[in-house]
Protein chains: 2
Amino acid sequence: MKAEIITIGDEILIGQIVDTNSAWIAEQFNLGGIEIYQITSVHDDAAHIKSALDNAKENADLVILTGGLGPTKDDITKNVLCAYFQTKLVFHEPTFEQIKNRFKNRNIDLNKLNRGQAMVPETCTVLPNKAGTAPGMWFEKDDTIFVSVPGVPFEMKYLVENEILPRLQNRSKTGAIYHKTVLTQGLPESMLAERIENWENSLPKHIKLAYLPNPMSVRLRLSAVGTDLEQLKHEVEKEMGTLKQLIPEYIFGYDNETLAEVIGRNLLENGQTLAVAESCTGGYISHLITSVPGSSGWYKGGVTAYSNEIKQKMLGVSGDSLLKYGAVSENVVREMAEGARQKLAVDFAVATSGIAGPTGGTEEKPVGTVWIAVAGPGKTIAQKFVFGDNRERNIIRSGQTALQLLRRQVLKG
Amino acid sequence: MKAEIITIGDEILIGQIVDTNSAWIAEQFNLGGIEIYQITSVHDDAAHIKSALDNAKENADLVILTGGLGPTKDDITKNVLCAYFQTKLVFHEPTFEQIKNRFKNRNIDLNKLNRGQAMVPETCTVLPNKAGTAPGMWFEKDDTIFVSVPGVPFEMKYLVENEILPRLQNRSKTGAIYHKTVLTQGLPESMLAERIENWENSLPKHIKLAYLPNPMSVRLRLSAVGTDLEQLKHEVEKEMGTLKQLIPEYIFGYDNETLAEVIGRNLLENGQTLAVAESCTGGYISHLITSVPGSSGWYKGGVTAYSNEIKQKMLGVSGDSLLKYGAVSENVVREMAEGARQKLAVDFAVATSGIAGPTGGTEEKPVGTVWIAVAGPGKTIAQKFVFGDNRERNIIRSGQTALQLLRRQVLKG
């Protein structure tokens, strides 16, 4: 089964929001064996939506539309669908009851706009939305399924998980797809490709390899398409086994694992704990760590020391070092890591101190200069990096690099 | 001038990555007066890319393609472009020199894949990529411009900023577009719409209003299209002035301002400082704050107290309170906020303690239960929230809600 996602909304096309819905839907559908053929983002414009529907119908068995179902004037999807499926809006009592209950619980009066949300195209199957006010709508025409859901992410997710995927799984058109991704670090894409060239060339035709590089790592994804999921799984795992032997030292994880998750697993296995002391990363490393479910089992906490005063008071950094070397220095970052390790009573502590920008740089220490230290049971290591001039990117790269250094020290024990 | 963005890559269509490039390009182009007609994501597949190019050509004066320019086998964009523009790949010496220099600086040997990256379609204008190895390519055909750039975000951004936008600005086809967004909080979308209905109906035809709701706020965006930017600006600002009078108490900021930015501006005006004490948000609030350039002027730092031990040791929470009420309680969250305020010597401190999930919930305190406190010069306030069962969402909502509460207290002084 092939699907197309159509996201509707001017806010996407002026870049005011990043379309995260499509990636989420694509992932869920793929796991369910439904291939996404295309993602198309269009304006809140009747003619444009109609032409997108026509195009999608040519390539897809299933078209999922998100957005444009709000109660306000710029939301036109419902009217467009009525015209497209030659039907009209009718009042849907169960939806109205659901909206009424929803607002009753929140002590808010219903108004005529909400009543409008209970109007649905007469020929559609209404998908009840327990996460919001606008219901989903399911149409079928010429062997193609069209489903329309709100653009608000958690409402869309509710409908996909509870109404759409279960209905699709009851149909048996879906084939099997199996993906497995290996996460590597330390070799640039082109050198990695050279190293695994023979293996790549020997892959069977129904198994495809993709390189997914980003500044911090290269992910290698194998995708197998067929009919028998267990068989595909077996084949992909076998190929992964061969790959592992070719680049053992560069693999640090699999699939959607994050660096923080991998580190946590290692710490947990060794019964060790972690703390952080952040200056330029300002809480980002701690956030990456605590995004991992169960991280409280190995992460005790951290200090964001955004001022020198806090570096001294909470981490025990010496005033002398701050005066003599400055906050962005090997001495200070080592003292931060060691201070955190001692004061928070953990096995490992990672510390950052740098100039994220856009201001604060000097000739000697330009914006992007970052010191990172890891204090462990055996020793403390520290390393200097010079990233770019973009604040956001500097924070992200510093955080990811700190986790890389930490991972290596944790592996050494 | 109308543009279409085509993003190429299986990784987008299986949901492995979120396409953030398109939103960034859309925003930059809009600021430059270029309207984005559509965003289309397609597979690394020659026929599919070709049909997307054909479709785009019908509606757009400019087509920008991202992705599929890497050195590996799954990257086919360059060959597809050669076929589409009936040309062939030729060796491009300046590109090869640039790649050589790039790798020389990194002490990595060139291999044949990198040499392949210096092969470019004969009829294109090569756009030098100083941020990576794959150059951009500029084609013109039947009054349509086609530009192909790598999918790696910072390489794409480099080429758009330094090579593409300057070239487009030298042409005068572009019209004027002006957007202004007001950020509101406290009224649901439908009630907001009712309140401003007459104003909305009175807007001139070339000024459009859009509602951009998300779980924490509703943004209202005015978009004006015309020829004279100054005139549009003037008209939109006038309409914004009227809007402000209709809903003064619900507006907290404008355009891309974040809540943290708005709080920082207020603190700075009052010469006040801030600290955080985070349990369930685990560094996320601190990260939101330190993402604001210049935040070191009003943010001193914070403590992520992920264990009770740290709550006691670093924030002075009493062991009795932890024992008697548990970490997720009004007493503890108040002590965390007051402890942070005192120990970090700031005017305001915000604290969170909750159960982010997926585990750790009890009947009395289910997953999603979060206490938030704000300690200020006058008093400490605390409030309990019950969010959902999704860890990521609970962290985000807790963080945003904490900033909302903080903002209100900061406004009170």
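The two copies in this predicted model meet through the same surface, because 100% of the interface residues of chain A are also interface residues in chain B. Contact here means heavy atoms within 4.5 Å, and on that basis 94 residues of chain A are in contact with 94 residues of chain B. About 7600 Å² is buried between chain A and chain B, and carbon and sulfur atoms give 55% of that area; buried area is the accessible area (1.4 Å probe) that two parts lose on being put together, summed over both. On the chain A side, A:Ile14, A:Gln16 and A:Tyr306 lose the most area to chain B, together 8% of what that side buries. Chain A is superposed on chain B by a rotation of 180 degrees with 0.0 Å of shift along its axis, at an RMSD of 0.1 Å. This is the relation of a two-fold axis. The superposition is by least squares on the C-alpha atoms of residues with pLDDT of at least 70 in both copies.

A word on conventions: residues are numbered from 1 along each chain as its sequence is written, and chains are lettered from A, with ligands numbered from 1, in the order in which they are written. Local features need pLDDT of at least 70 and side-chain atom pairs count only at pLDDT 80 or more, while totals for chains, interfaces and linings use all residues; side-chain values use heavy atoms, with hydrogens and water left out.

Two helices of chain B deserve a look. Helices (H or I, at least four residues) and strands (E, at least two) are DSSP runs, numbered from the N terminus; buried means under 20% relative accessible area, exposed over 50%, and partly exposed in between (1.4 Å probe, protein chains only). Helix 2 (residues 21-31) of chain B is mostly covered, with 8 of its 11 residues buried, among them B:Trp24, B:Ile25 and B:Phe29. The cover over these buried residues includes helix 1 (10-13) of chain A, as well as strand 1 (2-8) and helix 7 (153-169) of chain B. Just after helix 2, B:Gly33 takes a positive phi of about 80 degrees. Helix 4 (residues 77-84) of chain B has 6 of its 8 residues buried, so it is largely enclosed by the rest of the structure.

In chain A, ring pairs link A:Tyr84, A:Phe85, A:Phe139 and A:Phe146 into a cluster.

Finally, A:Asn129 lies in the loop between strand 6 (125-127) and strand 7 (136-141) of chain A. A:Asn129 is buried, with a relative accessible area of 1%.

Notes
Phe/Tyr/Trp six-rings, centres within 6.5 Å; stacked < 30°, edge-to-face > 60°.
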